[in-house]
Amino acid sequence: MLIPKNYANQMRTRILVKVVESFYKNRFETADEIPIDLRPKDYDSSRCCIYKDRAVLKYRLMAAMGFTPNEETNEAMSLREYGKEALKRQNHAKSCLSVIDIACSACVKSQYMVTDACRGCFARPCVMNCPKQAISFVNGRSHIDPDLCVSCGKCMEVCPYHAIVKLPVPCEEACPVSAIKKDENGVEHIDEEACISCGKCLQSCPFGAIVERSQLVDVLNLIHNSDKKVVAMLAPAIVGQFPFELNQVVGALKKLGFDDVVEVAAGADITSTNEAAEFVERMEAGAQFMTTSCCPAYYRATKVHVPEIQPFVSHTKTPMYYTAEMLKKEQPDCISVFVGPCLAKRNEAEYDPNVDYVLTFEEIGAMFVGAKVEIADCEPMEFAKVSSAQGRKYPLSGGVAGAVGHLVEGKVDYRPERIDGLTKENIKLLKKYATKGCEANMIEVMCCEGGCIAGPGCISLAKKATKQVESYVEKGQNQKDMK
Amino acid sequence: MEKIEVKICAGTACFVMGAPQIQALEFSAPEDIADRIEIVEVRCMNHCNKGSGYNKGPFVEVNGELIEEATMEKVVAKIRELIAKEDEENC
């Protein structure tokens, strides 16, 4: 499911911009003004009143500063104090998604409902097709008994007037692994063990109630208040995230204060080489199929939710891993910051000692705005290491499998299949493949539909960004021809 | 008939603040306005250096009329308003 941009996630960008602005202005001295700035007195409120809007904003701002709302021990603690606390922090806390309980609207439990459009017809297919006899006629109209209903949706399908609707719980519907559930008050909670950090709930909540702990302030602080070298590792999905030439974006990152910028597409080339070798080896050993492993949300899902597929999952490391490894070999004392479209990368980074911080494109965008860096005015700068066409194509669905295919061509039989978007249905499909086998022998799994280019940390429209990535791919050389 | 010019600012600030969502007009404009508009992507129009600055972004100009904190909804409403005016003058 592709989640459109809306006011709730647009507000997230504004919040990040405000945090950056406040950092530069006076290191959060006046941070308590931000909720008022964003929701002034004469503004139409989005919830019951502007005061509730501001209260929710305070929690969202806390998350942007790197705290989770449910860590709150002292309600009176001000944003200024949280800001100061964030600046003192040496290591960022474990990343996680969480729900702001006062912002969660406690949507009614997912159910089917008969609307006023019901005409109480003679055919009554809803009654006839309900497998649980949950539908009866009350006052000349169809009525669903909630205790008997099993939410199969047959009545909705057969109603000739489209009079029956499904009332979903958007976050629960978006979560591919059922990690978000209601408590006894109807408020949603995320089970950290089950969560794969894909960020789909955060994107889908219409009340902006789900937040993620950001590492933005930590990185700003390192750039400006330490003598350590801070290096940005740019994920290949960066192409198309800003309407400027890539080398100008690199220049802009340097202007922001990053000491160096490296391209993760170069690490992707190592992933391709190793994954191709692994594929050939596995196929020659008689394996049925292999799946990719570079999508961290999928990788985590295989650990927790689809253990049966683990023997088929590639052991090759991700482009981020190889890029960070190369970087730390060259500059062991630097601070490495992965910049990408992905929230699950934060989780991966926790297990990778070479990756110190993870930011999203949205957070980098907010840094540009808050620090008043206009990309168009920045000096273009080139990457030291040139990436191949295949490495550049990683962020598009089909890109990873395509890169492996390119390298194994003529060596072994190669039958690719894409799983474009991790949904509840696709998880079932993967389980089936693991137990019953499948036609293809190379399965690429991407959690975000369309590939990383449609990740929750992206700024650009996926459609436009895809075109830009494609043109960048065309300018690259084939990996086979590079040496 | 002259097309209505929709200038979408694609300077860094406007882009980050939400201009891409308005760029979607290129692919998915409502039918009644799709043929009547011309979308122009422009570099910073300098509105962010005046008044309350980039916080009022993204900025869009529809036939020269400025829309602050532009959203698809606001821009489409403005376009419809101008089309209605034009059609009235033409009859």
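This is a predicted model: local features need pLDDT of at least 70, side-chain atom pairs count only at pLDDT 80 or more; totals for chains, interfaces and linings use all residues.
**Stop 1: the open sheet of chain A**

Select β9, β10, β12 and β13 of chain A. These strands form an open sheet of 4 strands, in the order β10-β9-β12-β13, and the pairing is parallel. Look next at the two edges, which are β10 (260-263) and β13 (357-360) of chain A. Each of these has a single partner strand, so one side of each is left without a neighbour in the sheet. Turn the view to look across the strands: on average, neighbours in this sheet are turned by 25° against each other, direction ignored.

Now keep residues 335-340 of chain A, which are strand β12, together with β13(A); the two pair in the parallel sense over 4 bridges. To pick out a position in this pairing, select V337(A), whose bridge partner in β13(A) is Y357(A).

**Stop 2: a hairpin in chain A**

Move to residues 135-138 and 141-144 of chain A, strands β3 and β4. They pair in the antiparallel sense over 4 bridges. Within the pairing, F137(A) stands opposite S142(A) in β4(A). What lies between the strands of this hairpin? There are 2 residues, and N139(A) takes a positive phi near 50°.

**Stop 3: a backbone detail at S178(A)**

Select S178(A), in the loop between α7 (170-174) and β6 (180-182) of chain A. This residue is not a glycine, yet its phi is positive, at about 50°.

**Stop 4: a salt bridge within chain A**

The structure holds 28 salt bridges over all chains. For one of them, select E212(A) and R346(A), where the closest N and O atoms are 2.6 Å apart. E212(A) belongs to strand β8 (residues 210-212) of chain A and R346(A) to helix α14 (residues 344-350) of chain A, so the pair ties together parts that are 134 residues apart in sequence.

**Stop 5: where chain B meets chain A**

Show both chains and select the residues in contact: 25 residues from chain B and 29 residues from chain A. Between them the chains bury about 2,200 Å², of which 58% is on carbon and sulfur atoms.

How many salt bridges are there between chain B and chain A? The count is 2. In one between these chains, the side chains of K464(A) and E41(B) meet at 3.3 Å, N to O. Polar contacts between chain B and chain A come to 11 residue pairs, with both residues at pLDDT 80 or more.

Hide chain A and look at the side of chain B that touches it. The elements that give two or more residues to this side are α1 (12-17), α2 (19-23) and α3 (25-28) of chain B. The largest share, 5 residues, comes from α1(B). Colour this side by residue class to see 12 nonpolar, 8 polar and 5 charged residues.

**Stop 6: a cis peptide bond in chain B**

Finish at P58(B), in the loop between β2 (37-42) and β3 (60-62) of chain B. Select G57(B) as well: the peptide bond from G57(B) to P58(B) is cis, with omega near -5°.

Methods
Residues are numbered from 1 along each chain as its sequence is written. Chains are lettered from A and ligands numbered from 1 in the order in which they are written. Side-chain values use heavy atoms; hydrogens and water are left out. Two strands pair if DSSP finds at least two bridges between them. Axes are lines fitted to C-alpha atoms, for helices over the stretch in contact, and angles run from 0 to 180 degrees between N-to-C directions. Contact means heavy atoms within 4.5 Å. Buried area is the accessible area (1.4 Å probe) that two parts lose on being put together, summed over both. A salt bridge is a side-chain nitrogen of Lys or Arg within 4 Å of a carboxyl oxygen of Asp or Glu. A polar contact is a pair of N or O atoms within 3.5 Å; within protein, one must be able to donate a hydrogen and the other to accept it, and residues adjacent in sequence count only if both atoms are side-chain atoms. Ala, Val, Leu, Ile, Met, Phe, Trp, Tyr, Cys and Pro count as nonpolar, Asp, Glu, Lys and Arg as charged, and the others, Gly among them, as polar.
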